[in-house]
Amino acid sequence: MDINLKEQLAELERRALSAIEAADSVKAIEDARVAFLGKKGELTAILKQMGKLSAEERPIIGQAANQVRETFEGAYSKKITALKNADMLSRLKTEGLDITLPGVRRKMGSRHPLRIVLDEVKEIFASMGYTMVYGPEVEETKYVFDMLNTFEGHPARDEQDTFYIDDKTLLRTQTSSVQIRTMLKNKPPIAVISPGRVYRCDEVDATHSPIFHQCEGLVVDKGLTFGDLKGTLEAFFKRLYGNDIKLRFRPHHFSYTEPSAEVDLSCFKCGGKGCGFCKGEGWIEMLGCGMVHPAVLRNCDIDPDVFTGFAFGMGIERITLMRYEIDDMRLLYENDTRFLRQFN
Ligand code: DAH
């Protein structure tokens, strides 16, 4: 038996335990651990000499070495917990943490005004029997233009105000594309609205943004007339803005409707007399609409001699601005919570 190694281990254990005992900081005890148990530590150095031992001696010394390691680790973990607790207590004292101070209160968010208005628009149309449908924002030109009777060379296709991805793909400039997708999938009777984002290369100002929201409407059935369109929009706007609102249908041109109209609402601020908000007009332009063009119905395999339809497309921003008497559209996008929290 190699008395020497065994004695060395016992001596190491004594010194290690007293080092732990003496350690008065986390750093001191960590240093001790490295010095005794580390890769270049004393215990490793002793174990390196085990090669010299006989086969009988080796397990005995190995076991003794393990014992030393376990004893050390037990003492170490007790002491380090105590040191850390003491450290925390002294920091609590010296740093003067006041745990009775109130916490930081998180502010509640609120629904965005565009969302509030869109939810209301959806609710009104749902109550009139309309179904919600959605289409992609990255869209094919055939759905945004061609099948809506808007052929090559039409100013609406101008690259100046349209984000093209390639010749046949673009960020949709209008939700009217969903009309085509709907009529290709479903046959009349159809009554849908389709809200969503649209994109145009517009500079940001008080009334323009390159991204904005529209809500499209499409109804196709037997015997629908312009009277149905007028009645529908009138019922809708009276629900939204109250019974005093007046609608004015102005003849217009859209390639996918015939006849087409733009609809103005009496100014909510002056009631039609003319003021700064409506630029003295008494009216505010709200949306485009018309009777679905027979060519569009035919493109979707719907017989225009049997079915007629009407369609409309409105800007959600515009409805929101008017609803809350906001005179700058940029306020809707700046995410200033002082502005946003006024609406719920
Ligand atoms: N797509 C038109 C626009 O973006 C709005 C519109 C006009 C939609 C007439 C329609 C419609 O469905 O029939 O300005």
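Which side chain meets that of Arg323 in a salt bridge? The side chain of Glu120 does, at 3.0 Å from N to O.

## About the model

This is a predicted model, in which local features need pLDDT of at least 70 and side-chain atom pairs count only at pLDDT 80 or more, while totals for chains, interfaces and linings use all residues. Residues are numbered from 1 along each chain as its sequence is written, and side-chain values use heavy atoms, with hydrogens and water left out.

## Helices α5 and α10

Let us start with the setting of that pair. Arg323 sits in helix α10 and Glu120 in helix α5, so 203 residues separate two partners that link distant parts of the chain. Helices here are DSSP runs (H or I, at least four residues), as are strands (E, at least two), and both are numbered from the N terminus. Arg323 is partly exposed, with a relative accessible area of 27%, and Glu120 is partly exposed too, at 22%. On this scale, buried means under 20% relative accessible area, exposed means over 50%, and partly exposed is in between (1.4 Å probe, protein chains only).

Two packed helices are described by the angle between their axes and the distance between the axes. For α5 (residues 113–127) and α10 (residues 316–324), the angle is about 100° and the axes are 9 Å apart. Axes are lines fitted to C-alpha atoms, for helices over the stretch in contact, and angles run from 0 to 180 degrees between N-to-C directions. The two helices are therefore roughly perpendicular, a label for angles of 65 to 115 degrees; under 35 counts as roughly parallel, over 145 as roughly antiparallel and the rest as oblique. On the α5 side, the contact (heavy atoms within 4.5 Å) is made by Pro113, Leu114, Ile116, Val117, Leu118 and Glu120. From α10 come Ile316, Glu317, Ile319, Thr320, Arg323 and Tyr324. By class, this contact has 8 nonpolar, 1 polar and 3 charged residues. Ala, Val, Leu, Ile, Met, Phe, Trp, Tyr, Cys and Pro count as nonpolar, Asp, Glu, Lys and Arg as charged, and the others, Gly among them, as polar.

The structure holds 19 salt bridges, each being a side-chain nitrogen of Lys or Arg within 4 Å of a carboxyl oxygen of Asp or Glu. One of them joins Glu139 and Arg181, whose closest N and O atoms are 2.7 Å apart. Glu139 lies in strand β2 (residues 138–140) and Arg181 in helix α7 (residues 177–185), so the bridge ties together parts that are 42 residues apart in sequence. Glu139 is buried, with a relative accessible area of 1%, whereas Arg181 is partly exposed at 27%.

Another bridge stays within one helix. Arg33 and Glu30 meet at 3.3 Å, N to O; they are 3 residues apart in helix α2 (residues 26–37), which means about one helical turn between them. Arg33 is partly exposed at 34% relative accessible area, and Glu30 is partly exposed at 25%. Elsewhere, Arg248, Arg250, Glu262 and Asp264 are linked in a network of salt bridges.

## Nonpolar cores

A nonpolar core is a set of buried Ala, Val, Leu, Ile, Met, Phe, Trp, Tyr and Cys residues joined through side-chain atoms within 4.5 Å. The largest one has 47 residues, and those with the most contacts inside it are Leu233, Phe237, Tyr241, Cys289 and Phe312. Its largest share, 7 residues, comes from α5. Apart from this core lies another, of 22 residues, among them Leu12, Ala64, Tyr76 and Ile80.

Leaving aside neighbours within four places in sequence, Phe312 is in contact with residues including Phe125, Tyr130, Leu233 and Cys289. Thr232 lies in helix α8 (residues 226–241) and is buried, with a relative accessible area of 13%.

## Backbone points to check

Most residues other than glycine have a negative phi, and most peptide bonds are trans. A cis peptide bond joins Pro188 and Pro189, with omega about 5°, and Pro189 is found in the loop between α7 and β5 (190–199). Glu258 and Pro259 are also joined by a cis peptide bond, with omega about -5°; Pro259 is found in strand β8 (residues 257–266).

Lys279 has a positive phi, near 55°, and is found in the loop between β8 and β9 (283–292). Lys279 is exposed, at 72% relative accessible area. Asn335 has a positive phi near 60°, lies in the loop between α10 and α11 (337–340) and is exposed at 53%.
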